[in-house]
Amino acid sequence: MTRISSPPAGAPNPFIRKLEAFTALSDEDRVMLERISAETYVVGPDADLVREGDKPDGVYLIMEGMACRHKRLEDGARQIMAYLVPGDLCDLDVALLSRMDHSISTLSACKVVHLEPETVATILERHPAVARGLRIGTLVDEATLREWLLNVGRRSSTARIAHLFCEVFERLAVVGRVREDSFALILTQADLADTTGLSTVLVTRSLQELRNGGVIDLRDSELKILDLPRLRKIAGFKANYLHLGDATAA
Amino acid sequence: MNLRLQPVQVATGSDDQESRLVFASGLLIAILVCLSAQHEAEAGKWYLEVGFGRIHDVAAPLFSDLDEAQAWIRDQLPDPS
């Protein structure tokens, strides 16, 4: 089954939306970004885009669906270190490395664009505003990883799940993928467990606690946030690390 | 190694309460909890809620019954010989 969360009709280009959250773009920048992100192809769920040990071969842009960065222990246990949502570009400067140190795989079915290293180099050279947005994106990826370390290392089970939902909500909202406080969350409980460092049993209990408390509703891969202030309070969520208002503040 | 099981109710903060304290040579080594209906397909299986000593920090599978859980726990313990 290949199922992709459909964007709302007339949904904006998520790549452009995300960059515009970080920096002001010109019409010329937008035309170029529309052009390079037009050639999408569909990848099924649980497919590797990049494998640990591969030689880097350009970068991937996620246009629909959700992917992740992850590493595995020898016994197969997996830790997910990042989610990639529509508008996210994987590893801007990865061409500088000789081998990948982690894998990037789809969680749900995705629409992706593959950009050659030369294309990325040309964008960075000829479109300074886009380059600025992409570099801010890289800093935000690092800030998000720090927040995830805090999440996995120090928060309680339910707060970890709540924090993850708060973050995904913010990130999808900025690229126009949230409607009436609902968004597609095509993740298994095992995916959530591998993201939060919990067992699937603890994930189930935490989801039940959030449901019973009237904070969320999760059914048919659709997460509806019923009480966002409560969810944020449970998570101890502060959106500052996502730097999403920086374009207007600059 | 002989294990002794003692029925107990555990406050897990969920519907999962029916539990067993697991003793090895008189020492508490694990707490197993039976999964409630909220776990759907996994309901009725046994979950290693907490392990001590040799089974602390070990990723345990879910067990279909208490015999399977005890066999797994024995495998983690040092050989008595």
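**Exercise 1. The interface of chain A and chain B**

Task: Find how many residues of chain A are in contact with how many residues of chain B.

Solution. Contact means heavy atoms within 4.5 Å. By that rule, 6 residues of chain A touch 10 residues of chain B. This is a predicted model, in which local features need pLDDT of at least 70, side-chain atom pairs count only at pLDDT 80 or more, and totals for chains, interfaces and linings use all residues. Residues are numbered from 1 along each chain as its sequence is written, chains are lettered from A and ligands numbered from 1 in the order in which they are written, and side-chain values use heavy atoms, with hydrogens and water left out.

Next, take the area. Buried area is the accessible area (1.4 Å probe) that two parts lose on being put together, summed over both. For chain A and chain B it is about 650 Å². Carbon and sulfur atoms give 54% of that area. In chain A, the residues that lose the most area to chain B are A:Val201, A:Thr204 and A:Arg205. Together they make up 75% of what that side buries.

Last, look at the confidence. The predictor gives the complex an ipTM of 0.93 and a pTM of 0.93. Chain B has an average pLDDT (the predictor's confidence in each residue, from 0 to 100) of 93, and 98% of its residues score at least 70.

**Exercise 2. Salt bridges**

Task: State how many salt bridges cross the interface of chain A and chain B, and which residue partners A:Arg205.

Solution. Start with the rule: a side-chain nitrogen of Lys or Arg lies within 4 Å of a carboxyl oxygen of Asp or Glu. It finds 2 salt bridges across this interface. A:Arg205 pairs with B:Glu49, at 2.8 Å from N to O.

Now widen the search. Over all chains, the structure holds 17 salt bridges. One of the pairs is A:Glu20 with A:Arg30, with the closest N and O atoms 2.5 Å apart. A:Glu20 lies in helix α1 (residues 14–22) of chain A and A:Arg30 in helix α2 (residues 27–36) of chain A, so the pair ties together parts that are 10 residues apart in sequence. Helices here are DSSP runs (H or I, at least four residues), as are strands (E, at least two), numbered from the N terminus.

**Exercise 3. Helix α6 against helix α7**

Task: Describe how α6(A) and α7(A) pack.

Solution. Two packed helices are described by the angle between their axes and the distance between the axes. Axes are lines fitted to C-alpha atoms, for helices over the stretch in contact, and angles run from 0 to 180 degrees between N-to-C directions. Helix α6 (residues 189–196) and helix α7 (residues 200–212) of chain A meet at about 100 degrees, with axes 9 Å apart. Therefore α6(A) and α7(A) are roughly perpendicular; that class covers 65 to 115 degrees, while under 35 is roughly parallel, over 145 roughly antiparallel and the rest oblique.

Contact residues of α6(A) include A:Leu192 and A:Ala193. Those of α7(A) include A:Val203 and A:Leu207. By class, the contact has 5 nonpolar, 4 polar and no charged residues. Ala, Val, Leu, Ile, Met, Phe, Trp, Tyr, Cys and Pro count as nonpolar, Asp, Glu, Lys and Arg as charged, and the others, Gly among them, as polar.

**Exercise 4. Helix α1 against helix α4**

Solution. A:Phe15, A:Leu19 and A:Phe22 supply the α1(A) side.
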